[in-house]
Amino acid sequence: MAADGLLKLLAWLSPSFPVGAFAYSHALEAAIDEGFVADRASLQAWIEDLLDHGSPRADSVFFMCTHRAVAAGEDAAFQEVAEWAAAMRGTGELALESIQQGESFLRAIGDAWPVEIAIWRERLAAAEIRPAYPVAVACAAAVARIDATPALAAYLHAFAANLVSAAVRAIPLGQTDGQRVLAAVESAVAKAVAAAQTRTLEDAGTAAPALDALSFRHETQYSRLFRS
């Protein structure tokens with residue numbers, strides 16, 4: 001891919017980009033509290049299962065469908081994907097995590113980057129749709145003419161990296177073990193990206209009921225570091 005596209009992805013999906021990703025654990029904090037994730041091996045298995053069956057699976061579909069719709073200038077298709085992505089959240093905390101980051105991402109792009117996303121933000125506002133995070137990132141990538149495949153890979157890698165960062169703080173897990181997990185899940189990220197290439201919007205389901213149950217549990221957890 002072109003260097004300018006790579007540099008944009010590195011910036012947009014870095015921990016320093018102002019979307020507040022550090023504040024969320026995607027229910028991992030509850031999984032740690034319940035003892036389901038307690039070390040490097042269980043953290044790796046947790047992330048891989050999410051990539052295969054959890055919300056990242058659905059988000060990958062939303063990402064690819066959004067990118068295609070924006071690249072083709074298809075307003076109706078874009079709106080349909082955005083509606084699905086905003087609705088398909090199992091709990092209030094998971095919805096907050098996705099929507100807050102999506103809105104913050106589009107705001108930062110619009111305020112600081114020479115990427116013409118205003119018309120797509122206006123279409124979302126006119127339809128009263130709050131943008132889910134994968135929709136926001138895919139929209140910006142398509143407008144910036146960044147290919148969907150590396151953009152999705154970067155998005156999923158950032159998701160995994162944020163969970164590793166949360167685990168390092170919450171288990172606690174050593175920094176080196178955290179990097180070992182991130183290295184180990186590379187193949188799972190690549191597999192998820194490949195699988196998303198042929199899926200349609202109707203394939204945007206999940207099969208991770210434990211994630212939703214733990215997210216509900218986190219809402220009333222006594223001591224919390226994270227918002228989800």
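**Notes on the predicted model**

1. R40 comes out as partly exposed, with 36% relative accessibility. Keep in mind that this is a predicted model. The side chain of R40 meets that of D177 in a salt bridge, at 3.2 Å from N to O. That pair links distant parts of the chain, with D177 in helix 10 and R40 in helix 3, 137 residues apart. D177 is partly exposed too, at a relative accessible area of 24%.

2. R180 has a relative accessible area of 45%, which makes it partly exposed.

3. How many salt bridges does the structure hold? The count is 9. One of them joins R217 and E34, whose side chains meet at 2.7 Å, N to O. R217 lies in helix 12 (residues 209-219), while E34 is in the loop between helix 2 (28-33) and helix 3 (40-53), so this bridge ties together parts that are 183 residues apart in sequence. Both ends are partly exposed: R217 has a relative accessible area of 29%, and E34 has 38%.

4. On to the inside. The largest nonpolar core has 78 residues, and L28, I47 and F105 have the most contacts within it. Helix 9 (residues 148-170) gives the largest share of that core, 13 residues. Leaving out residues up to four places away in sequence, L28 touches V37, L43, W46, L163, A166 and A167. In soluble globular proteins, nonpolar side chains tend to be buried together.

5. Aromatics next: a search of the whole structure turns up 7 aromatic pairs. Take F105 and Y133, with ring centres 6.1 Å apart and planes at 70 degrees; the angle is over 60 degrees, so this pair is edge-to-face. F105 belongs to helix 6 (residues 92-112) and Y133 to helix 8 (residues 133-143), so the contact ties together parts 28 residues apart in sequence. F105 is buried, with a relative accessible area of 0%, and Y133 also counts as buried, at 12%.

6. Y133 has another ring partner, Y155: their centres are 5.4 Å apart and their planes at 55 degrees, so the pair is tilted. Here too distant parts of the chain are linked, with Y133 in helix 8 and Y155 in helix 9, 22 residues apart. Y155 counts as buried at 7% relative accessibility. Taken together, ring pairs connect W12, F17, F63, F105, W113, Y133 and Y155 into a cluster.

7. Beyond residues up to four places away in sequence, V115 touches K8, W12, I109, A140, V143 and A144. E93, found in helix 6, counts as buried at 8% relative accessibility. Apart from its neighbours within four places in sequence, E93 is in contact with S215, H218, E219, R224, R227 and S228.

8. Most residues other than glycine have a negative phi, and most peptide bonds are trans. The bond joining I171 and P172 is cis, with omega about -5 degrees; P172 sits in the loop between helix 9 and helix 10 (175-184). E128 is not a glycine but has a positive phi of about 55 degrees. E128 is placed in the loop between helix 7 (118-126) and helix 8, and at 74% relative accessibility it counts as exposed. R145 has a positive phi as well, near 60 degrees; R145 lies in the loop between helix 8 and helix 9 and is exposed, with a relative accessible area of 79%.

9. Last, the surface. M1, L6, L7 and L10 form a nonpolar patch there, with about 420 Å² of accessible area together. L6 is part of helix 1 (residues 3-12), and L6 is partly exposed, with a relative accessible area of 40%.

Technical notes. Residues are numbered from 1 along each chain as its sequence is written. This is a predicted model: local features need pLDDT of at least 70, side-chain atom pairs count only at pLDDT 80 or more; totals for chains, interfaces and linings use all residues. Side-chain values use heavy atoms; hydrogens and water are left out. Patches are made of residues with over 30% relative accessible area and no salt bridge: like charges are joined within 9 Å, nonpolar side chains (Val, Leu, Ile, Met, Phe, Trp, Tyr) within 5 Å. Accessible areas come from the Shrake-Rupley method with a 1.4 Å probe; for residues, only the protein chains shown count as cover. A salt bridge is a side-chain nitrogen of Lys or Arg within 4 Å of a carboxyl oxygen of Asp or Glu. Helices (H or I, at least four residues) and strands (E, at least two) are DSSP runs, numbered from the N terminus. Buried means under 20% relative accessible area, exposed over 50%, partly exposed in between (1.4 Å probe, protein chains only). A nonpolar core is a set of buried Ala, Val, Leu, Ile, Met, Phe, Trp, Tyr and Cys residues joined through side-chain atoms within 4.5 Å. Contact means heavy atoms within 4.5 Å. Rings of Phe, Tyr and Trp (its six-membered ring) pair if their centres lie within 6.5 Å; planes under 30 degrees apart count as stacked, over 60 as edge-to-face and the rest as tilted.
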